[in-house]
Amino acid sequence: MKANIDSLDVAGKRVLVRLDLNVPLDASGSITDDRRIRAALPTVKKLLDGGGRLILISHLGRPKGKPEDREKFTLAPVASRLGEILDRPVKLLAGDIDGAVRDAASLKNGDVVLLENLRFHSAETIKDKKAADDPDLRAQKDAFARSLAALADVYVNDAFGTCHRDNASMFTVPQLMANKPRVVGYLVQKELDFLGGAVSDPARPFVCVLGGAKVSDKLGVIQSLMTKCDTILIGGAMAYKFLAADGHDVGGSLVERDLIETAKNLRAAAGDRLMLPTDSVAAREISGEAETQACGLSIPDGWMGLAIGPKSVKVFCDTIAKAKTVVWNGPMGVFETPPFDVGTMAMASAMADATDRGAITIIGGGDSAAAIEKAGLADRITHISTGGGASLEFLEGKPFAALDVLDDAKAHRVCG
Ligand code: 3PG
Ligand code: MG
């Protein structure tokens with residue numbers, strides 16, 4: 001178990017808090033979903049109430065160093081949203097890191113600042129694997145991490161959504177702060193408790209619902225969950241790879257041909273535990289006005305399966321209804337475009353009903369989280385993870401270097 005912020009006395013201390021404030025923005029730069037900001041609040045409030053001097057750090061999107069990226073990926077909307085919710089100013093430190101070091105020195109107890117997007121510095125995302133073969137990259141990453149580490153007396157990681165990355169701020173900074181407290185925040189703690197609990201000691205039947213476009217993204221998680229859960233329901237575009245592997249005609253549905261063999265092997269290994277849709281809603285194009293047709297296992301040429309069909313919806317919902325633990329990641333079709341949202345919305349309702357009946361329900365991944373919000377059912381789910389890739393990799397059982405580097409609860413001393 002990792003030490004968390006409860007073990008800290010932060011009064012008068014400069015606390016570097018790595019958050020995942022990578023929120024979706026619309027074309028005008030307005031935040032379309034502030035869930036990740038709200039999820040960070042318990043930690044931020046606790047540290048402020050404790051008299052800490054907070055330096056918040058995060059990335060936003062994947063800027064590539066183009067001049068227009070400075071505006072497109074600025075954390076300015078996040079700073080103002082956070083300020084509104086906290087009801088105190090959150091200054092955005094947009095200058096260079098040395099300027100931030102100077103500003104951090106003048107912070108007072110209960111002050112909070114947010115550093116501009118960490119990914120404006122290319123060193124942030126240098127992977128350790130690449131740096132191992134390139135001393136210049138290693139030096140760049142270390143120098144950047146050293147300047148961040150110099151900002152603070154304490155390091156807090158509450159950026160669950162980024163925990164699968166070895167970005168400088170996630171891994172190298174705490175590595176360099178070895179003589180200072182390095183702990184997790186309440187969000188990371190909660191994510192580990194729920195996601196970890198679901199896979200290590202699930203109440204059974206344990207059902208996983210997996211969807212989304214690509215099998216390649218989810219191969220590892222399917223392989224790993226296959227050994228842990230009682231049933232895996234597969235829907236969305238991903239299902240057509242498996243149906244194609246079974247020899248069905250899937251028309252123009254999305255298929256990664258090079259993965260058909262792998263899909264066959266997974267199917268054979270999973271046996272009856274892996275359930276696929278037996279019908280689909282198909283169309284010739286992805287459009288709300290498109291002509292649709294109900295298809296069985298085969299889809300005609302020129303048509304694409306865009307959502308699971310009504311028979312599959314019923315079977316999937318009945319399976320969820322009997323479960324004691326349900327983990328859902330990935331939509332059951334093109335849910336952004338009705339009528340192809342029907343299956344996804346049905347899963348959202350089935351999850352909420354399962355929670356009401358006492359099951360533990362967990363949602364991971366931005367799309368399923370967005371679907372549950374769209375359905376207005378978010379408050380009837382046990383836990384909605386703030387991680388997309390991170391929650392998948394965690395469920396898959398991959399180690400997270402960004403967490404391993406932090407202090408263990410036992411070994412932790414109170415910072416006083
Ligand atoms: C995410 O949304 O997946 C996290 O914020 C991590 O971002 P990344 O996938 O660009 O590293
Ligand atoms: Mg990601």
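This is a predicted model: local features need pLDDT of at least 70, side-chain atom pairs count only at pLDDT 80 or more; totals for chains, interfaces and linings use all residues.
Figure 1. Leaving aside its neighbours within four places in sequence, L16 touches I55, I57, L148, L151, A152, V154, Y155, V156 and V173. L16 also takes its place in the largest nonpolar core, where L16, L115, L148, F160, I222, I234 and F242 touch the most other members.

**Figure 2. The largest nonpolar core and another one apart from it.** Another core, of 31 residues, lies apart from it and includes V17, L19, A40 and V78. As a general reminder, nonpolar side chains in soluble globular proteins tend to be buried together.

**Figure 3. Helix α1 packed against helix α3.** Residues 35-49 form α1 and residues 76-86 form α3; their axes are 11 Å apart and meet at an angle of about 60 degrees. The two helices are therefore oblique to each other, and α1 passes α3 in a right-handed crossing. On the α1 side, the contact is made by I37, R38, L41, V44, K45 and L48, while α3 brings V78, R81, L82, I85 and L86. Sorted by type, the residues of this contact are eight nonpolar, three charged and no polar.

**Figure 4. G364 in strand β14.** You will find G364 in the strand that covers residues 360-364. With a relative accessible area of 5%, G364 is buried. Beyond its neighbours within four places in sequence, G364 is in contact with W328, N329, G330, S385, G387 and S391.

Methods:
Residues are numbered from 1 along each chain as its sequence is written. Chains are lettered from A and ligands numbered from 1 in the order in which they are written. Side-chain values use heavy atoms; hydrogens and water are left out. Axes are lines fitted to C-alpha atoms, for helices over the stretch in contact, and angles run from 0 to 180 degrees between N-to-C directions. Helices (H or I, at least four residues) and strands (E, at least two) are DSSP runs, numbered from the N terminus. Angles under 35 degrees count as roughly parallel, over 145 as roughly antiparallel, 65 to 115 as roughly perpendicular and the rest as oblique. A crossing is left-handed if the near helix is turned anticlockwise from the far one by less than a right angle, and right-handed if clockwise. Contact means heavy atoms within 4.5 Å. Ala, Val, Leu, Ile, Met, Phe, Trp, Tyr, Cys and Pro count as nonpolar, Asp, Glu, Lys and Arg as charged, and the others, Gly among them, as polar. A nonpolar core is a set of buried Ala, Val, Leu, Ile, Met, Phe, Trp, Tyr and Cys residues joined through side-chain atoms within 4.5 Å. Buried means under 20% relative accessible area, exposed over 50%, partly exposed in between (1.4 Å probe, protein chains only).
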